[in-house]
Amino acid sequence: MKVLYHIPYIGGLGDDRFIYDGYKHAWEDKGHQFSAFTEKDDLEISLKQIKPDIFITAFNLLDLPKVAGILENYRKEGGKVFMSVRHDMSDEYFDIIKKGTVGDVFFGHFSGELLEGFKNRTGKEYRKLPLAASK
């Protein structure tokens with residue numbers, strides 16, 4: 001399986017780098033190909049060249065109105081989008097997600113009323129995606 005993981009700057013020292021490393025090791029240890037999608041990459045080109053089975057991203061890392069068509073086409077070709085979301089996204093982002101064309105799995109770290117709020121606003125299930133430990 002091929003996984004494309006969205007990390008704006010792979011050389012950073014923030015928590016996003018440690019999360020990336022954990023997922024990278026976990027997927028590769030299971031024999032899967034794991035690639036980074038960074039701020040210098042073009043989404044449409046990367047999806048066409050790498051042909052990932054799964055694209056893992058976050059709503060705040062994308063200009064969702066601009067790339068919605070790209071994600072929709074990728075999904076039509078069989079790709080799956082895992083998208084980290086939050087309860088405080090703009091109405092525009094909630095509306096795009098509600099259309100059902102930009103993602104397959106929506107995940108994050110909130111729970112309770114916030115989780116229900118996401119489901120009520122979009123009609124989509126909200127999942128918790130566990131982190132993986134880095135080596």
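**Helices and their contacts**

Analyst: Helix H4 is followed by Gly100, whose phi is positive, near 85 degrees. Helices are DSSP runs of H or I with at least four residues, numbered from the N terminus. The model is predicted, so local features need pLDDT of at least 70 and side-chain atom pairs pLDDT 80 or more, while totals for chains, interfaces and linings use all residues. Residues are numbered from 1 along each chain as its sequence is written, and side-chain values use heavy atoms, with hydrogens and water left out.

User: Where do the buried residues of H4 fall, seen down its axis?

Analyst: In H4 (residues 91-99), Tyr93, Phe94, Ile96 and Ile97 are buried, that is, under 20% relative accessible area with a 1.4 Å probe, protein chains only. Taking directions from the helix axis to the C-beta atoms, these residues fall within an arc of 160 degrees, so they line one face of the helix.

User: Which residues make the contact between H2 and H3?

Analyst: The axes of H2 (residues 43-50) and H3 (residues 64-76), lines fitted to C-alpha atoms over the stretch in contact, come within 10 Å and cross at roughly 10 degrees. The two helices are therefore roughly parallel, the term for angles under 35 degrees. With contact meaning heavy atoms within 4.5 Å, the residues are Leu43, Glu44 and Leu47 of H2 and Val67, Ile70, Leu71 and Tyr74 of H3.

User: Is Ser46 buried or exposed?

Analyst: Ser46 is found in H2. Leaving out residues up to four places away in sequence, Ser46 touches Leu4, Phe37, Asp41, Lys51 and Pro52. At 8% relative accessibility, Ser46 counts as buried.

Definitions and conventions:
Axes are lines fitted to C-alpha atoms, for helices over the stretch in contact, and angles run from 0 to 180 degrees between N-to-C directions. Angles under 35 degrees count as roughly parallel, over 145 as roughly antiparallel, 65 to 115 as roughly perpendicular and the rest as oblique. Buried means under 20% relative accessible area, exposed over 50%, partly exposed in between (1.4 Å probe, protein chains only).
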